[in-house]
Structures are given as C-alpha cells and as structure tokens.
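User: I am new to this structure and would like to learn how to read it. Could you show me the model and take the features in turn?

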Amino acid sequence: MAAVTRVCVAGAGTIGSLLAGYLARVADVSVLTRREAHARALNEQGLRVSGRGDFTVRVRASQDPAELDAELVIVACKGNDLEPLARRLAGSFAGATVMTVLNGLGAEDVVGAHGDWPLLSSVTFMSGTRHSDTHVEYILDTATWIGPYRDTTPADAQRVVDLIVDAGLQAEAFDDLRPAQWSKLIFNATVNSVAALTGLPHDPHFAGEPLGPLVHALVDEGKATAAAAGVELWEDPWEMNVLATQRGHAHRPSMLEDVEAKRPTEIDLITGALVREAARTNVPVPLQSALYALVKGKEASYS
Ligand SMILES: NC(=O)c1ccc[n+]([C@@H]2O[C@H](COP(=O)([O-])OP(=O)(O)OC[C@H]3O[C@@H](n4cnc5c(N)ncnc54)[C@H](OP(=O)(O)O)[C@@H]3O)[C@@H](O)[C@H]2O)c1
C-alpha cells in the first residue's frame, strides 16, 4: 500500500465520525454519506469532535462515490447497511485499500465481493456519542486493532496504525487479526444479545448473579467454536466481560439501544456469524443459537 495521504470514511456515524475527525488533523479526509443533507452539513459546518477532544475540522463530503478519491477507504457502517454500502463502492476507489471496522465477522468478504481492492481488517474498542451529523463526542479512548486480510501485509496494517496514532487515537497492528477479532466477536455475541434481551446495560449482573453463569456458558460455546475454527484467542472473552463490568460505569451495548429504538440490530454479523461458524465446524452452540433466535424474534416484534 502506498503512503496514505487521503482517506475516505464511508459511513460516518459514531465510529466513522471519530476516525474522520481525528484523521483530518493529519490527512486529507473525505466522507461518503448516505444522505445529501449529511454531506451538505459536513461541507458547510465541518466536523466537530468534543469529549476527549475539542476541535472542528474541515472534511469534504459527498453522497456520490465518484466525487471522492482516497488511498484508504474506511468502511464504518452498521452490519445491516454493509451490503448496500459495499454495492455503492463498486467501480470506485481504484488503487485504494479498503478497511472494514465493523463488529462481528465477515464484513471484509461482503465488501471484497464488490471490488478487487486490497483489504485490511479491523475492530475498534473506542466509543462515542453522535450528537448530530456534524458533532461527535469521543468517550472511551481505547484502541482500534488492525490486521491484513486480502492482498495486504502486516506492514500495511502498521502504516494505518501509525496514521491513526499520529492523529491522536489509539491503535495496534496485528500480523493476524483473527485471534483479536474472535475474542471481541465472542464478547459481543454474548454481552450485546443478553443486554438486548434483558434490557440491562453491561453491569455487574453479567459477571455475578443472576446472569454470570449463563454468560460464562455462552462464552464457553464461543471458545469451543474458535478452537474448532483453529483460532487461538487473543484475550479470554470472559475476562473481558468481568473487566468491563468493573469499569465503574454501566456501558449500554448498541444492540440494547437498537432494540429500545426498535431498529434492526447487528445480530446477523455478530451472534449469527458465530452460530454459522459453529455449524460449519460441527460445534453444538444451543445457547448462542437461542440468543440468535430470540433477538431475531425481538426484531420481528417491532412491526
Ligand atoms: N458506536 C460505538 O461506540 C461502537 C464501538 C465499537 C464498535 N462499533 C461498531 O462499529 C460499527 C459502526 O457503528 P456506529 O455506532 O459508528 O454506527 P452508526 O453510528 O449507526 O453509523 C453508521 C453510519 O453509516 C452510515 N451509512 C449507512 N448506510 C450507508 C450507505 N449506504 N452509504 C453511506 N453511509 C451509510 C449511516 O448513515 P445515516 O447517518 O444516514 O444513517 C451512519 O452515519 C458497527 O459495526 C458497531 O458495532 C461501534
């Protein structure tokens, strides 16, 4: 991958806006939006970052991918919007490397089916709140993990990490992202679905009574699936769960927010991906399968 001086963020919600806002301090950043009003607001007002940061940057935004160009395209939409967004990228951004930053598993392949761009994989632990199309608040300053996926090398991942770190965010490169990605997958598949179904934020109930034993058993199913897929986990998802519940504030997983707002959740790319991998590798995952069906049922109840 060539040096990165121009970055396009496709899907500038919370995570995309945080990346666009910070990266615009060290690179030429453009934003591919879904809505014309979003592009107009960004072009007129710039993008404001508050919270851990406090600055406003200029970005170039458009609803039309043909108007944008970049060496690195960061795809940061939600799972349900991935296929339509990937379709919009087809035929554009020749020569660019595309990096997905979605939770779950399989986003790279969805994007990769629409073009022969080299691909990087990433997952992020940052969090924020999107106050408007032009204002995002940076809340949790944890890292984004990046690794090669298709026609890219660890050096390419490191180049993007250097850019993100230069911009003032945290990032770490991996030669193989799968151990890290799977650790987060198992954590999210379990915690997000349980939160969505119980209405509880991610709080100490998830490590003690009444949910701890269930969460532990769900994590065990995920670990068995990872082992069958030949993935040695980077972190123990149960330990990730315990640590997160001890942070002192109860995090509201996005799947809980989605269910409360009666929006489609990312269940297919997260718990669904885990259940599909378990079926492929012949690992019984009755608890994860039940969560998957229950969250799908919850979505069906909206209408
Ligand atoms: N939020 C967090 O704190 C957090 C933390 C860690 C990981 N993640 C993961 O990061 C990913 C992104 O999450 P998020 O919370 O940043 O999502 P989000 O706030 O819902 O933002 C998604 C953005 O994608 C845009 N989009 C959707 N379809 C598009 C299309 N066809 N063309 C262009 N833009 C399109 C949406 O546009 P509109 O504005 O028009 O809807 C929205 O701006 C998810 O996989 C999530 O699980 C999030």
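Analyst: Start with the element names: helices (H or I, at least four residues) and strands (E, at least two) are DSSP runs, numbered from the N terminus. With those names, Phe-93 is found in the loop between α3 (82–89) and β7 (97–100). This is a predicted model, in which local features need pLDDT of at least 70 and side-chain atom pairs count only at pLDDT 80 or more, while totals for chains, interfaces and linings use all residues. Residues are numbered from 1 along each chain as its sequence is written, and side-chain values use heavy atoms, with hydrogens and water left out.

User: Is Phe-93 buried or exposed?

Analyst: Buried means under 20% relative accessible area, exposed over 50%, and partly exposed in between (1.4 Å probe, protein chains only). Phe-93 has 5% relative accessibility, so it counts as buried. Its backbone also deserves a look: Phe-93 is not a glycine, yet it has a positive phi of about 60°.

User: Which other residue has a positive phi although it is not a glycine?

Analyst: Lys-262 has one, of about 55°. Lys-262 sits in the loop between α9 (254–260) and α10. Lys-262 is exposed, at a relative accessible area of 55%.

User: Where is there a cis peptide bond?

Analyst: The bond from Glu-209 to Pro-210 is cis, with omega near 0°. Pro-210 belongs to the loop between α6 and α7 (212–228).

User: How do I read the length and the sides of a helix such as α5?

Analyst: The expected span of a helix is 1.5 Å times one less than its number of residues. Helix α5 (residues 154–167) has 14 residues and reaches 20 Å from its first C-alpha to its last, close to the 20 Å expected at 1.5 Å a residue. For the sides, the general idea is that an α-helix has 3.6 residues a turn, so residues three or four places apart point the same way. In α5 the buried residues are Asp-156, Ala-157, Val-160, Val-161, Leu-163, Ile-164 and Ala-167. They cover an arc of only 160° around the axis, which puts them on the same side of α5. The arc is that of the directions from the helix axis to the C-beta atoms. After α5 comes Gly-168, with a positive phi near 110°.

User: How many residues of helix α1 are buried?

Analyst: Nine of the 10 residues of α1 (residues 14–23) are buried, so this helix is largely enclosed by the rest of the structure. Among them are Ile-15, Leu-18, Leu-19 and Tyr-22.

User: How do I read the packing of two helices, for example α6 and α11?

Analyst: Axes are lines fitted to C-alpha atoms, for helices over the stretch in contact, and angles run from 0 to 180 degrees between N-to-C directions. Angles under 35 degrees count as roughly parallel, over 145 as roughly antiparallel, 65 to 115 as roughly perpendicular and the rest as oblique. Helix α6 (residues 178–198) packs against helix α11 (residues 286–300) at an angle of about 45°, with the axes 10 Å apart. That makes α6 oblique to α11. A crossing is left-handed if the near helix is turned anticlockwise from the far one by less than a right angle, and right-handed if clockwise. The crossing of α6 and α11 is left-handed. Ala-189, Thr-190, Ser-193, Val-194 and Leu-197 in α6 meet Gln-288, Leu-291, Leu-294 and Val-295 in α11, where contact means heavy atoms within 4.5 Å.

User: At what angle do α6 and α8 pack?

Analyst: α6 and helix α8 (residues 237–245) pack at about 60°, with their axes 9 Å apart. These two helices, α6 and α8, are therefore oblique to each other. The crossing of α6 and α8 is right-handed. Residues making the contact include Ser-183, Phe-187 and Val-191 of α6 and Met-240 and Ala-244 of α8.

User: What is Leu-274 in contact with, leaving aside its neighbours within four places in sequence?

Analyst: Leu-274 lies in helix α10 (residues 271–280) and is buried, with a relative accessible area of 0%. Leaving those neighbours aside, Leu-274 is in contact with Trp-182, Leu-185, Ala-189, Gly-222, Thr-225 and Gln-288. Ala-189 is also one of the α6 residues that meet α11, and Gln-288 is one of their partners there.
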